[in-house]
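This briefing is meant for a reader who is meeting the structure for the first time. Please look over the sequence and the model before going on to the topics that follow.

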Amino acid sequence: MADAGDTNHGFSTRAIHGGQHPDPTTGAVMPPVYLTSTYVQEAPGVHKGYEYSRSQNPTREALEASVASIEGGTHAVAFASGLAATHGVLSMLDAGDRVVIGHDVYGGTYRLLDQVMRRQGLLFDVVDTTDLAAVDAALATPAALVWFESPTNPLLHVSDVAAVCAKAKAAGAIAVVDNTFATPYLQNPLALGADIVVHSTTKYLGGHSDVVGGIAVTADDALAGRLRFLQNAIGAIPGPLDCFLVLRGIKTLAVRLERCCDSAETVAAWLAAHPRVNRVFYPGREDHPGHDVAKAQMRRFGGMVSFDLDADLETARHLASETHLFALAESLGGVESLLDHPASMTHGAVPRAERLKHGFTDGLLRLSVGLEDLDDLVGDLEQAFDKAFA
Ligand SMILES: *Cc1c(COP(=O)(O)O)cnc(C)c1O
């Protein structure tokens, strides 16, 4: 059978068939969930390529082949969570190496660098990667790795992925993009020059809020070899059932994302027209400062919408408590719509003065627009606004 995961095929074909083959024993269309820790050997050292499930597992391999295919890489290395993948990538570095990170990377990424990796000797500096002059200045000092996201959380800042990656590589640094918010359907950083792409598969790839996982993708054999070694040496692997769930989620990624983007565009427009909304942060809107860059590097603009309510902290918290369909919860990227009040939830650890400096107000709310009927979602927001401002 031809490998339907090759790059001649369209995205959805690769999402469904990439790296997948019917089970040779039974013909099962989906790869079996290989719940086994070990594999029998015919003679000492003679085996079928599988020795122990931390090192090799066929269900995990199926997931890795799938994500490599849809992200345009040649290798993917799966981990137990997005942060385990982040830790795996950072573990390539040595004490004394310097990392440059985007100024609003995922909070857990910052915490890992600040409170764990730093104790082990990694140095890091924070830079606004939307500002290419600032990136140049940060890279005037030697750096081993540059790590950034686009769009970011929760303000949906857009960085020029190709430009930042080119600068990183010119400075001799490994360019890493956390592509969790965009997904491989909307943006492919490897094609834009990144060396490694990281995903929290907990979000859009899994897509159903039922699994936690992470993965690192590359098209570089040497980097893949180092990541593969660290996956086994550190041991933060995902279980086979978790791999199966993510693999199942990936098959519908394109149709889910199309719907998320359709609905998010309408929700963003509705919010922008609302008298109680100061500002909408959505890269698909022409007033977004990164709109042109986003348009050039993304297929569409995603399902995440943030907005600044013209209200104090208490009113924002009140509105956040009044939605029925938008569930008040952290995380994102599932079939169900979620609402987050970053100042009291996901970003509660960021000092208020620091937040305000970056336009991240008390009234900021973040939506992960899911797959419910659009009229119901807008209706839900409308009644919550009415209650909060009654
Ligand atoms: C959730 C998230 C992570 C961390 O992933 P976990 O699976 O929760 O460990 C990293 N980056 C981004 C952008 C995320 O949204």
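From which domains does the lining of the largest pocket draw at least three residues each? In this predicted model, both domain 1 (11-250) and domain 2 (254-388) supply at least three residues to that lining.

**Domains**

- The domain assignment of the chain gives two stretches, with domain 1 covering 11-250 and domain 2 covering 254-388.
- The C-alpha centres of domain 1 and domain 2 are 26 Å apart, and the contact between them involves 31 residues from domain 1 and 36 residues from domain 2.

**The largest pocket**

- The largest pocket holds about 1100 Å³ of space, and among the 47 residues that line it, Val-105, Tyr-106, Gly-107, Gly-108 and His-347 are the closest to its centre.
- Several elements each supply at least two residues of this lining, namely helix H3 (82-90), strand E2 (98-102), helix H4 (107-117), strand E6 (196-200) and helix H13 (352-357).
- Of the contributors, H4 gives the most to the lining of the largest pocket, with 7 residues.
- Sorted by class, the lining of the largest pocket consists of 17 nonpolar, 20 polar and 10 charged residues.

**The second largest pocket**

- About 250 Å³ of space lies in the second largest pocket, which is lined by 13 residues, and those nearest its centre are His-21, Asp-23, Pro-24, Pro-31 and Pro-58.
- The lining of the second largest pocket is made up of 7 nonpolar, 5 polar and 1 charged residues.

**Helix H12**

- Helix H12, which spans residues 313-322, has Thr-315, Ala-316, Leu-319, Ala-320 and Glu-322 as its buried residues.
- When H12 is viewed down its axis, these buried residues fall within an arc of 165°, and they therefore line one face of the helix.
- An α-helix has 3.6 residues a turn, so residues three or four places apart point the same way.
- The exposed residues Glu-314 and Ser-321 are carried on the face of H12 that is turned away from its buried side.

Technical notes. Residues are numbered from 1 along each chain as its sequence is written. This is a predicted model: local features need pLDDT of at least 70, side-chain atom pairs count only at pLDDT 80 or more; totals for chains, interfaces and linings use all residues. Side-chain values use heavy atoms; hydrogens and water are left out. Buried means under 20% relative accessible area, exposed over 50%, partly exposed in between (1.4 Å probe, protein chains only). Helices (H or I, at least four residues) and strands (E, at least two) are DSSP runs, numbered from the N terminus. The arc is that of the directions from the helix axis to the C-beta atoms. On a 1 Å grid over the protein atoms alone, a cavity is a set of points where a 1.4 Å probe fits but cannot get out, and a pocket is an open set with protein on both sides within 12 Å along at least five of seven lines; lining residues have an atom within 4 Å of a point. Grid points are joined across faces, edges and corners, and a volume is the space filled by probe spheres set on the points. Ala, Val, Leu, Ile, Met, Phe, Trp, Tyr, Cys and Pro count as nonpolar, Asp, Glu, Lys and Arg as charged, and the others, Gly among them, as polar. Domain bounds come from an automatic or database domain assignment. Contact means heavy atoms within 4.5 Å.
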